[in-house]
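Student: Could we go through the pockets of this model together? I would like to know how each one is defined and what lines it.

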Amino acid sequence: MKSIAITRSNAKGDNLDYLLEIDIPVPIATGRDLLIDVKAIAVNPADVKVRAWHNTDTPRVLGWDAVGIVKSIGENVTLFKPGDEIWYAGALTRPGSNSEYQLVDERIVAHRPMSISRAAAAAMPLTSITAWELLFDRFGIIEGGNEGDTLLVVGAAGGVGSMLTQLARQLTKMTVIGTASRPESQEWVRKAGAHEVIDHRKPLDEELARIGISEVTHVASLTNTDEHYSEYIKIIAPQGKLGIVDDPECINAVPLKGKCISLHWEAMFARSMFETKDMINQHLLLKRVSELVDGGIIQTTQGDHYGNITADNLRKAHRKIETGRMIGKIVLEGF
């Protein structure tokens with residue numbers, strides 16, 4: 001089967017030119033695995049990070065967002081049957097979705113929303129899981145609740161930010177403030193449902209004061225945590241919560257003590273990596289998000305469509321993500 005893999009270690013310099021098409025055998029579904037005929041994918045910062053961190057010359061298939069059709073199932077599968085159209089984000093420990101066929105555990109898969117295209121759906125699984133887990137599992141927000149609380153989403157125009165803004169606005173009573181630096185990204189965040197949009201290039205306390213807010217109860221730091229960390233300590237209310245998704249070089253948690261600010265990490269691959277007892281929750285939340293999409297409550301976060309799933313188009317997508325100027329998600333469709 002056709003697959004696109006990183007084929008060279010980054011220790012020898014930037015390895016993007018070694019994201020190449022290879023041919024590998026079609027895997028066989030056993031146990032709780034589904035063999036997926038991949039139809040559409042999205043490209044995430046996770047793809048770029050794993051490619052950059054690749055430290056061997058052994059090829060590795062990337063890709064952690066896909067929509068496809070179940071081709072065959074393992075003997076212990078109970079949730080799906082051949083022919084089902086599904087969506088998922090996969091697992092870091094297994095070959096990714098930049099391939100014609102892929103094995104995925106049924107516990108992290110759900111039926112895709114059928115009211116939108118395959119490409120539009122492919123933009124959503126990883127970011128939906130990340131946003132949902134941060135909001136409801138890490139922060140402990142209650143659906144329909146938390147009136148009076150204020151959530152600041154830093155980097156709200158990206159994939160996770162777009163989903164987090166929608167989920168918080170539609171499913172809670174929180175005041176939602178997003179950050180974005182360009183007119184087009186600010187407009188994107190407003191359309192996602194943010195009550196207010198501020199510019200993260202300016203001091204956050206001054207930007208919040210401009211809209212009449214002195215402090216926030218929750219901060220979702222999705223990008224550039226190193227740059228904003230000291231500002232967060234100033235703007236988070238006593239007993240507030242800070243959630244981090246990106247990879248800051250170092251976090252000194254001691255300054256959080258004075259205000260009793262809690263620190264929360266979100267890593268959506270943790271459940272599949274360690275096969276946690278609640279791994280099935282990713283199936284359940286993707287099922288719920290699918291229902292929200294089909295109900296017209298949540299919208300796709302698809303940005304650019306880069307055409308077919310080819311090595312050239314994937315390299316183009318990686319380069320775009322590396323600029324740090326993303327709005328929504330890049331999708332590709334068909335081999």
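**Pockets and their linings**

Tutor: Happy to! This is a predicted model, where local features need pLDDT of at least 70, side-chain atom pairs count only at pLDDT 80 or more, and totals for chains, interfaces and linings use all residues. Residues are numbered from 1 along each chain as its sequence is written, and side-chain values use heavy atoms, without hydrogens and water.

Student: What volume does the second largest pocket have?

Tutor: A pocket is an open set of points on a 1 Å grid over the protein atoms alone, where a 1.4 Å probe fits, with protein on both sides within 12 Å along at least five of seven lines. Points are joined across faces, edges and corners, and the volume is the space filled by probe spheres set on them. For the second largest pocket that gives about 170 Å³.

Student: Which element gives the most to the lining of the second largest pocket?

Tutor: Lining residues have an atom within 4 Å of a point, and here there are 16, with Met1 and Tyr101 among those nearest the centre. Strands are DSSP runs (E, at least two residues), numbered from the N terminus. β4 (60-61) and β7 (101-105) each give two or more residues. The most, three residues, come from β7.

Student: And which element gives the most to the lining of the largest pocket?

Tutor: That pocket has a volume of about 1400 Å³. Its lining has 47 residues, and Pro45 and Lys49 are among the closest to its centre. Helices (H or I, at least four residues) are DSSP runs too, and with six residues the top contributor is α1.
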